Amino acid sequence: MKKTFDLSAAALHILAMTFMLMDHLWATLLSSQMWLTHVGRLAFPIFAFLAVEGYFHTRSFKRYALRMLLFAVLSEVPFDLMYGGTVFYPVHQNVIWTLLLGLLGIRLMEAARAKGKRWLYVLTCAAVVVLGFALGTLGMVDYYGAGVLTVFVFYFFHGREWWKLLGQILALYWINVRMLGGQVYPMTILGMDVELSQQGLALLALVPIWLYRGRQGHHSRAFQYVCYAFYPVHMLILALILRAL
């Protein structure tokens with residue numbers, strides 16, 4: 001039987017951490033290397049996808065959420081040092097808060113689904129989407145409300161049916177190109193003038209995401225905590241290097 005190539009959850013974590021490191025290197029030490037942040041656009045959608053996968057596979061949502069809360073708190077000072085140059089930078093919060101808001105919203109929607117009343121589930125989903133977007137924006141978490149919506153995208157289109165994959169493409173295009181926008185690069189393709197959105201490169205994250213077919217790969221408590229610790233530790237190291245220069 002011919003084997004198909006796939007990526008494990010562990011491989012996706014490593015890819016996402018690599019892309020994140022590249023983006024943060026551009027933000028701190030290598031600002032002239034724009035290609036680093038271009039590739040870095042792929043990191044967040046993968047993390048959002050993995051957060052949703054974690055929700056559906058965790059044995060205890062409470063422990064999962066508390067673990068994310070712990071690392072969100074631990075990451076805040078390194079994040080503030082890296083982005084704001086100070087231990088207290090209230091106008092921007094780290095990305096784990098974004099993921100946590102999304103997961104709490106999913107928990108509410110799944111609780112409504114369990115009631116078995118479609119009207120209640122639909123109303124809850126609508127309310128959670130609006131509230132999640134508002135809290136993400138007002139709380140100034142990384143990627144703001146659009147980041148929380150990205151988590152919801154992978155919840156609403158969870159699975160491998162063709163229409164769910166199409167939904168991921170369309171929703172991520174709307175979030176990244178229409179909502180977040182950002183820098184654009186004028187280009188001419190086949191005689192037509194077009195604009196390439198830098199943030200739109202985030203849609204390329206769907207390629208490794210679609211190569212994941214449920215295989216866990218290497219999984220241990222040590223690896224799990226290395227993935228969590230990578231975020232605050234690498235930001236702290238970059239911030240310290242930046243201050244030493």
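Residues are numbered from 1 along each chain as its sequence is written, and side-chain values use heavy atoms, with hydrogens and water left out. In this predicted model, local features need pLDDT of at least 70 and side-chain atom pairs count only at pLDDT 80 or more, whereas totals for chains, interfaces and linings use all residues.

A pocket is an open set of points with protein on both sides within 12 Å along at least five of seven lines, a cavity is a set of points where a 1.4 Å probe fits but cannot get out, and lining residues have an atom within 4 Å of a point. Grid points are joined across faces, edges and corners, and a volume is the space filled by probe spheres set on the points. Helices (H or I, at least four residues) and strands (E, at least two) are DSSP runs, numbered from the N terminus.

The largest pocket holds about 1,000 Å³ of space. Its lining comprises 34 residues, and Tyr64, Arg67, His219, Gln224 and Tyr228 lie nearest the centre. At least two lining residues come from each of α1 (9–28), α3 (43–57), α4 (61–84), α5 (95–114) and α10 (221–244). Helix α10 gives the most, with eight residues. By class, the lining of the largest pocket divides into 19 nonpolar, ten polar and five charged residues; here Ala, Val, Leu, Ile, Met, Phe, Trp, Tyr, Cys and Pro count as nonpolar, Asp, Glu, Lys and Arg as charged, and the others, Gly among them, as polar.

The second largest pocket contains about 480 Å³ of space. Among its 25 lining residues, Asp23, Arg41, Tyr83, Asp142 and Tyr143 lie nearest the centre. Two or more residues of this lining are given by each of α1, α2 (34–40) and α3, and α1 gives the most, with five. The lining of the second largest pocket consists of 13 nonpolar, nine polar and three charged residues.

One cavity of 30 Å³ or more is present in the structure, and the largest cavity has a volume of about 40 Å³. Residues that line the largest cavity include Arg41, Phe44, Tyr143, Thr150, Asn176 and Gln199. Helices α3, α7 (144–156) and α8 (162–180) each supply at least two residues of this lining, in which seven residues are nonpolar, four polar and one charged.

A pair of aromatic rings is described by the distance of the centres and the angle of the planes. Rings of Phe, Tyr and Trp (its six-membered ring) pair if their centres lie within 6.5 Å; planes under 30 degrees apart count as stacked, over 60 as edge-to-face and the rest as tilted. Twelve aromatic pairs were found in the whole structure. The pair of Tyr55 and Phe61 is edge-to-face, because the ring centres are 5.4 Å apart and the planes stand at 65°. Relative accessibility is 9% for Tyr55 and 12% for Phe61, so that each counts as buried (under 20% relative accessible area; exposed is over 50%, and partly exposed lies in between, with a 1.4 Å probe and protein chains only). Ring pairs also link Tyr55 and Phe61 with Phe56, Tyr155 and Phe156 into a cluster.

In helix α4, Phe79 and Tyr83 are four residues apart and are therefore separated by about one helical turn. Phe79 counts as buried, at 0% relative accessibility, whereas Tyr83 is partly exposed, with a relative accessible area of 30%. Met82 also lies in helix α4 and counts as buried at 6% relative accessibility. Met82 and Ala239 are 157 residues apart in sequence, but their C-alpha atoms are 4.6 Å apart in space.

The end C-alpha atoms of helix α6 (residues 118–138) are 30 Å apart, which agrees with the 30 Å that its 21 residues should span at 1.5 Å a residue; the expected span is 1.5 Å times one less than the number of residues. The buried residues of α6 are Tyr121, Thr124, Cys125, Val128, Gly132 and Gly136. These residues lie on the same side of α6, because they cover an arc of only 105° around the axis, the arc being that of the directions from the helix axis to the C-beta atoms. Trp119, Leu123, Val130 and Leu138 are exposed on the other side of α6.
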